[in-house]
Amino acid sequence: MEEFYIPLMSNNIEKDDILALREFLDPDNIPRLTNGAKNREFEAAWNEWLGTRYSVLVNSGSSANILTVMALRELKKDGRNSVIVPGLGWVSDVSSVIHARLKPQFCDINLSNLSYDVEQLEKTITEDTKAIMAVSVLGINCYTDKMLALCKKHNLFLIGDHCESHGTTFKGKKLGSLSEEFASNFSFFMAHHATTICGGMISTNNEEFYDYLRSYRSHSMVREMDSLERKNRIINENPELNKDFIFLAPGYNMRATEIAGVLGLNQLKKLDRNNEVRKKNFAHFIKNLDPNKYITSLDIEGQCNYAFIIILKKPSFESRDALEKALREAKIEHRRGSSGGGNQTLQVYCKQYFKDNNIIINQDDFPNLNHIHHFSCYVGNYASLEQEKIDNLLKILNSLDV
């Protein structure tokens with residue numbers, strides 16, 4: 001494996017995490033290893049840290065997206081069947097809508113927080129729009145007052161994908177805990193702010209939604225619900241079925257292991273400490289990046305950064321290639337197009353979806369999204385990254401003729 005001067009990610013598992021696992025995996029008293037008490041404990045601790053009432057631990061952030069949209073479709077059958085999704089995000093932001101047999105609507109982004117261009121967002125909303133999937137890209141807050149007001153005005157369900165933004169805030173409140181959010185999703189992949197190796201969390205303040213999520217996480221079995229009243233009602237409505245095997249929807253197995261719960265609990269102890277380092281790193285980086293060559297006017301209020309965002313001011317492929325060449329030569333691992341590789345509407349699966357459904361997409365509608373797609377990249381930012389390496393990265397970037 002290639003050795004990088006600055007790798008894209010750092011394994012967030014530390015010695016104390018391994019010791020916590022060793023203590024849990026007692027060979028003389030072998031514990032339950034599938035979804036159980038430790039996951040419940042982690043869900044409760046996450047609620048306390050985030051400021052929500054209910055959380056459901058799943059096996060990935062992508063699973064969190066899929067279950068959230070699926071449960072929304074099943075519970076809120078209001079005749080509306082479209083969900084606005086950002087072109088900049090992860091594949092599961094879009095695929096979750098497609099899997100749920102809902103219609104994705106796309107909107108351009110802005111270059112201040114890499115979230116929706118609110119003016120275009122307002123024009124994108126139709127009578128069929130059911131929800132908005134908002135993505136906080138690489139630790140940057142995705143919300144504005146106007147965006148939240150649009151959700152309220154049009155009675156839209158707001159889903160926050162904060163998989164890369166544990167601890168990012170809007171007006172002092174952690175993303176995921178805002179009253180306007182119907183649900184929020186987080187990822188615990190190995191390099192994210194907190195990790196369970198693989199894993200994800202869905203958080204909400206809606207008790208009914210939470211109970212159905214618990215069911216859908218386990219093949220949609222009714223027996224997984226917390227509410228005895230709800231469980232008994234469904235059982236009584238289906239007397240021809242074995243009460244232990246009533247499946248509410250075409251569900252999935254997206255349960256997490258107890259190992260994920262153990263790791264999550266231990267990671268949560270140091271999350272705030274590590275987040276402060278990430279915030280400090282990014283603030284230093286963006287402050288010292290040459291504003292004549294790169295877009296540095298990002299709205300970083302409340303940021304809890306996951307990666308250093310490098311956006312060329314000039315839309316030049318020659319400059320882009322020079323930037324990437326310099327990073328490669330310095331052994332600085334990077335990814336073009338920011339989170340998820342840039343413009344999702346250009347991806348193979350999206351083009352096939354458009355073709356199958358006779359949908360015409362005009363790329364002229366996404367100028368900012370395509371600028372990020374072609375003329376940006378990101379470099380890893382993590383708590384163990386040395387200040388000297390950040391300064392050397394800045395020297396390389398600021399010396400380039402781009």
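Glu-329 is exposed, with a relative accessible area of 57%. Here exposed means over 50% relative accessible area, buried under 20%, and partly exposed in between, using a 1.4 Å probe and protein chains only. The model is predicted: local features need pLDDT of at least 70, side-chain atom pairs count only at pLDDT 80 or more, and totals for chains, interfaces and linings use all residues. Residues are numbered from 1 along each chain as its sequence is written, and side-chain values use heavy atoms, with hydrogens and water left out.

**Salt bridges**

Glu-329 pairs with Lys-325 in a salt bridge. The term covers a side-chain nitrogen of Lys or Arg within 4 Å of a carboxyl oxygen of Asp or Glu. Both residues sit in helix H10 (residues 317-329), four residues apart, so about one helical turn separates them. Helices (H or I, at least four residues) and strands (E, at least two) are DSSP runs, numbered from the N terminus. Lys-325 is partly exposed at 44% relative accessibility.

The whole structure holds 24 salt bridges. Three of them are listed here, with the N to O distance.

| Pair | N to O distance |
|---|---|
| Glu-329 and Lys-325 | 2.6 Å |
| Lys-270 and Asp-17 | 2.8 Å |
| Asp-78 and Arg-80 | 2.9 Å |

Lys-270 and Asp-17 meet through their side chains. Lys-270 belongs to helix H9 (residues 258-288) and Asp-17 to helix H1 (residues 15-24), so this pair ties together parts 253 residues apart in sequence. Lys-270 and Asp-17 are both buried. They also belong to a salt-bridge network with Glu-14 and Asp-16.

Asp-78 is partly exposed at 36% relative accessibility. Arg-80 is buried at 12%.

**Strand E8**

Strand E8 (residues 183-187) is largely enclosed by the rest of the structure, because five of its five residues are buried. Both faces are covered. Ala-183, Asn-185 and Ser-187 lie on one side, Ser-184 and Phe-186 on the other.

E8 has strand E5 (residues 157-161) as a parallel partner, joined by three bridges. Strands pair if DSSP finds at least two bridges between them. Ile-159 has Ala-183 of E8 as its bridge partner. Strand E9 (residues 200-204) runs antiparallel to E8, with four bridges between them. There, Asn-185 stands opposite Ile-202 of E9.

**The largest pocket**

The largest pocket holds about 470 Å³ of space. On a 1 Å grid over the protein atoms alone, a pocket is an open set of points where a 1.4 Å probe fits, with protein on both sides within 12 Å along at least five of seven lines; lining residues have an atom within 4 Å of a point. Grid points are joined across faces, edges and corners, and the volume is the space filled by probe spheres set on them.

The lining has 28 residues. Nearest the centre are Trp-90, Glu-164, Ser-187, Phe-189 and His-192. Helix H3 (61-75), helix H4 (91-99) and strand E12 (376-380) each supply at least two lining residues. H3 gives the largest share, three residues. By class, 11 are nonpolar, 13 polar and four charged. Nonpolar covers Ala, Val, Leu, Ile, Met, Phe, Trp, Tyr, Cys and Pro; charged covers Asp, Glu, Lys and Arg; the others, Gly among them, are polar.

**Cysteines**

The structure has zero disulfides, a disulfide being a pair of cysteine sulfur atoms within 2.5 Å. For Cys-142, the nearest cysteine sulfur is that of Cys-151, 9.9 Å away. Cys-142 is buried at 1% relative accessibility. Cys-377 is buried, with a relative accessible area of 1%.
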